[in-house]
Amino acid sequence: MNLFAVFNRDGGTFRTTDMDAYCAHALRTFEGAGHDIECHVVSGDRVVETMEKAAATPGIEGLIAGGGDGTISAAAGIAWRSGIALGVVPAGTMNLFARSLKLPLDIWEALDALAVARPENIDIASANGRSFVHQFSAGMHARMVRYRNSMTFGSRLGKMRASVRAAVGVMFNPPEFEVEFKAEGKTGHRRVSAISVSNNEFGSDPLMYADNLTRGHLGFYIADPLKPAGVARLTFDILRGRFKENVAITAMTATEVELHFPRERHDIRCVIDGELLPMDRDVRLKIHAGELKVLVNEPLPRGEVEQQGSGI
């Protein structure tokens, strides 16, 4: 394949990596496997621009993207729109998409795996046309990210500590808001503390990522209004991999979800693949089954069906 690699030098593990040595290893590894590859190391503010130029270059068949979840999410959207393959080098804190793809989480081992990987078609989702590979969320998660972003941290460990502090802050001050929704022909109007819509259902891992990205549906989760004790119980159930069994959680699957937030609020926010963003009062979420081509180093299970959750 004719490949173009873009590595975010400001992203997680790459901050402390000899990037000249890393690119040299990438060239040896991919060329040794019969590929042509061009490597670029760029600052975070130039990552998207560089990836878009790469995808628009005639003859490019695949984009290798290295960085955190934000970089990888942007790369997935670019690869999806351009119809080229995506290779993921997980250099961030959580690396949730890489975990779903069952890729090595070591950045050096990831290159070795991608060089011998094969293209597979998986699902990608969108919220009002903006693509995402992991989840869209509103409520508690958005408040936690806002709290975390207000803190200062300069390392992966510092970010993890800030996330814990932000989670504690949300536990003692959970949000509550109204939402109207439509999913698979079912409608409802509820007061909630959290909404999450994922690219395929979450598995049982406490990090909450999909263990299969080929089932062709969204996971749709709603949390009833919670007090601090309820948030603590939900956190405990998440840590033991059984959050869907929590009494406050309603879970189902759908190919499309429509959300409407009836009360106009200032500074309303959502989180899409870890990025805190302004949110419209009307949000349409869709699954795009099999439309993203990715490089994986082991065959992905196809079309398995999970239980449909508790319904709405």
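Me: In β2, which residue is the bridge partner of Phe7?

Reply: Phe7 pairs with Val41 of β2. Strands and helices here are DSSP runs numbered from the N terminus (strands are E, at least two residues; helices are H or I, at least four), and two strands pair if DSSP finds at least two bridges between them. Strand β1 covers residues 2–8 and strand β2 residues 36–42; the two run parallel and are joined by 7 bridges.

Me: Before going on, what sort of model is this?

Reply: A predicted one: local features need pLDDT of at least 70, side-chain atom pairs count only at pLDDT 80 or more, and totals for chains, interfaces and linings use all residues. Residues are numbered from 1 along each chain as its sequence is written, and side-chain values use heavy atoms, with hydrogens and water left out.

Me: Back to β1, then. How many of its 7 residues are buried?

Reply: Buried means under 20% relative accessible area, exposed means over 50%, and partly exposed is in between (1.4 Å probe, protein chains only). By that rule, 6 of the 7 residues of β1 are buried, which leaves the strand mostly covered. Take Asn8, which lies in β1: its relative accessibility is 9%, so Asn8 counts as buried.

Me: Which residues does Asn8 touch?

Reply: Contact means heavy atoms within 4.5 Å. Leaving out residues up to four places away in sequence, Asn8 touches Phe14, Val42, Ser43, Gly44, Val47, Gly66, Gly67 and Thr71.

Me: How do I read strand β8? Why is it largely enclosed by the rest of the structure?

Reply: Count the buried residues again: in β8 (residues 177–183) that is 5 of the 7, so the strand is largely enclosed by the rest of the structure. Then look at its partners. With strand β9 (residues 186–192), β8 pairs in the antiparallel sense over 7 bridges, and Lys182 stands opposite Thr187 in β9. With strand β13 (residues 256–260), β8 makes an antiparallel pairing over 4 bridges, where Phe181 has Leu259 as its bridge partner.

Me: In the hairpin of β8 and β9, which residue takes a positive phi?

Reply: Here's the general idea: most residues other than glycine have a negative phi. The hairpin has 2 residues between its strands, and Glu184 takes a positive phi near 50 degrees there. Glu184 has 46% relative accessibility, so this residue counts as partly exposed.

Me: And Asn200: is that residue buried or exposed?

Reply: Buried, with a relative accessible area of 0%. Asn200 is not a glycine either, and its phi is positive, about 70 degrees. Look for Asn200 in the loop between β10 and β11.

Me: Last one: at what angle do helix α1 and helix α5 cross?

Reply: Roughly 20 degrees, and the axes of α1 (residues 19–32) and α5 (residues 107–115) come within 9 Å.

Me: Which residues of α1 and α5 meet?

Reply: From α1 there are Ala21, Tyr22, His25, Ala26, Thr29 and Phe30; from α5, Ile107, Trp108, Leu111, Asp112, Leu114 and Ala115. They divide into 9 nonpolar, 2 polar and 1 charged (Ala, Val, Leu, Ile, Met, Phe, Trp, Tyr, Cys and Pro count as nonpolar, Asp, Glu, Lys and Arg as charged, and the others, Gly among them, as polar). Glu109 also lies in α5, and is partly exposed at 46% relative accessible area.

Conventions. Axes fitted to C-alpha atoms, helices over the stretch in contact; angles between N-to-C directions.
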